[in-house]
Amino acid sequence: MRLLRSQSVHTRLARAAFLALGVAVAVPAGMFPMVAPAYARGAPDSFADLAAKLLPAVVNVSSTSTIQAKNGPPGPEMPLFPPGSPFEQFFKDFMDRNRPGGPQQQTPDRKSQSLGSGFIIDPSGLIVTNNHVIDGADEITVTLQDNTSLKATLVGRDEREDVALLRVKSDKPLPAVAFGDSNNSRVGDWVLAIGNPFGLGGTVTAGIVSARGRDIRQGPYDDFIQTDAAINRGNSGGPLFNMDGEVIGINTAIYS
């Protein structure tokens with residue numbers, strides 16, 4: 001199930017979290033500038049028009065971090081292999097390099113990459129995502145729907161609420177979306193999730209608000225919206241929309 005948390009914004013940018021695997025949740029959006037509430041309505045014939053309007057404002061967020069090299073601890077005892085086995089000499093050489101008193105093998109620095117989603121909230125290039133998508137990053141790259149890649153800088157973040165604000169520079173205004181009030185979203189309302197699952201950008205899924213106020217013990221502000229919209233790894237940081245095209249939650253976690 002998937003969960004999303006919703007909340008109000010007075011002094012903070014937004015609280016958000018999502019969980020997916022049959023449950024997803026979203027943060028209440030009372031924290032955000034108030035807009036006209038979304039009212040219950042029947043199932044649409046198609047989500048195509050709404051998706052086409054919203055897709056340009058949803059981005060892929062890629063972050064790269066360097067994992068420092070360090071000397072490895074002495075290796076374990078060598079496994080037993082038949083005499084003359086090609087693995088026997090391989091493991092003997094490996095153990096000799098790592099046993100106490102012998103030379104320590106140093107693991108080289110390596111790059112680690114994280115993929116997630118985000119959404120543009122201001123045409124000047126302000127983007128909201130999850131903090132865990134960019135945590136510890138040396139470089140952050142944002143890819144727009146038209147495959148334009150822009151370097152991003154971190155403006156601010158809140159680790160406890162798992163929210164981060166990025167900025168990119170563009171030579172033209174960017175499409176942006178607005179926050180709605182998730183307190184007006186009711187169980188059974190239709191929602192759209194858009195993001196970058198498994199690195200596949202521009203993916204749209206639809207579902208309903210399955211429950212509200214879920215506490216999954218992920219922090220001091222657990223207040224998730226559960227949804228059955230399909231959400232997977234890589235959707236983190238992406239938006240959950242109501243049928244007015246307003247952001248009512250931020251996809252943050254998968255609950256299983």
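Colleague: Why is Thr141 called buried?

Modeller: This is a predicted model, and what follows is computed from it. Buried means under 20% relative accessible area; Thr141 has 17%, so the residue counts as buried.

Colleague: Where is Thr141, and which residues does Thr141 touch?

Modeller: Thr141 sits in strand 7. Leaving out residues up to four places away in sequence, Thr141 touches Asn60, Val61, Ser62, Ser149, Leu150 and Lys151. Val61 is 80 residues away along the chain, yet the C-alpha atoms of Thr141 and Val61 are separated by 5.9 Å.

Colleague: Thanks! Let's turn to the rings. How many aromatic pairs are there?

Modeller: The count comes to 2 aromatic pairs. One of them is formed by Phe47 and Trp190, with 5.5 Å from centre to centre and 55° between the planes.

Colleague: What makes the pair of Phe47 and Trp190 tilted?

Modeller: Centres within 6.5 Å make a pair, and planes under 30 degrees apart would be stacked, over 60 edge-to-face. At 5.5 Å and 55°, Phe47 and Trp190 pass the distance test and fall between the two angle limits, so the pair is tilted. The pair links distant parts of the chain: Phe47 is in the loop between strand 3 (23-27) and helix 1, while Trp190 is in strand 10, 143 residues apart.

Colleague: Is Trp190 buried, exposed or partly exposed?

Modeller: Trp190 has a relative accessible area of 27%. Buried needs under 20% and exposed needs over 50%, so Trp190 is partly exposed.

Colleague: And what makes the pair of Phe119 and Phe179 edge-to-face?

Modeller: Their planes are 80° apart, with 5.9 Å from centre to centre. An angle over 60 degrees counts as edge-to-face, so the pair of Phe119 and Phe179 takes that label. Phe119 lies in strand 5 and Phe179 in the loop between strand 9 and strand 10, so the pair ties together parts that are 60 residues apart in sequence.

Colleague: How do you know whether Phe119 and Phe179 are buried or exposed?

Modeller: The cut-off for buried is under 20%. Phe119 has 0% relative accessibility, so Phe119 counts as buried. Phe179 has a relative accessible area of 9%, so Phe179 is buried as well.

Colleague: Which residues have the most contacts inside the largest nonpolar core?

Modeller: They are Leu54, Phe119, Val128, Val177, Ile194, Phe241 and Val247, in a core of 18 residues. Elements that give two or more residues to this core are helix 1 (48-54), strand 6 (126-129), strand 9 (163-168), strand 10 (190-195) and strand 14 (247-250). In general, nonpolar side chains tend to be buried together in soluble globular proteins.

Colleague: What is Phe241 in contact with?

Modeller: Setting aside neighbours within four places in sequence, the contacts of Phe241 include Leu54, Val58, Val177, Trp190 and Ile194.

Colleague: What about the largest pocket: which residues lie nearest its centre?

Modeller: Leu115, His132, Arg233, Gly234 and Ser236 lie nearest the centre, and the lining has 11 residues. Strand 5 (110-122) and helix 3 (131-134) each give two or more residues to that lining. By class, the lining has 5 nonpolar, 5 polar and 1 charged residues, and the volume of the pocket is about 240 Å³.

Colleague: What is the phi of Asn147, and why is Asn147 called exposed?

Modeller: Asn147 has a positive phi of about 75° although it is not a glycine. Most residues other than glycine have a negative phi. Exposed means over 50% relative accessible area; Asn147 has 64%, so Asn147 is exposed. Asn147 is found in the loop between strand 7 (139-143) and strand 8 (149-158).

Colleague: And Phe198: what makes Phe198 count as exposed?

Modeller: The relative accessibility of Phe198 is 58%, and the cut-off is over 50%, so Phe198 counts as exposed. Phe198 also has a positive phi, of about 55°, although it is not a glycine. Its place is in the loop between strand 10 and strand 11.

Colleague: Finally, how much of the protein counts as buried?

Modeller: Of the 256 residues, 45% count as buried. The protein has 3 helices and 14 strands.

Technical notes:
Residues numbered from 1 in each chain as written. Predicted model: local features only at pLDDT ≥ 70, side-chain atom pairs only at ≥ 80, totals over all residues. Heavy atoms only, no water. 1 Å grid on protein atoms, 1.4 Å probe; cavity = no way out; pocket = protein on both sides within 12 Å on 5 of 7 lines; lining within 4 Å. Points joined across faces, edges and corners; volume = space filled by probe spheres on them. Helix = DSSP H or I, 4+ residues; strand = E, 2+ residues; numbered from the N terminus. Nonpolar A, V, L, I, M, F, W, Y, C, P; charged D, E, K, R; others polar. Core = buried A, V, L, I, M, F, W, Y, C linked by side-chain atoms within 4.5 Å. Buried < 20%, exposed > 50% of the residue type's maximum accessible area, 1.4 Å probe, protein only. Contact = heavy atoms within 4.5 Å. Phe/Tyr/Trp six-rings, centres within 6.5 Å; stacked < 30°, edge-to-face > 60°.
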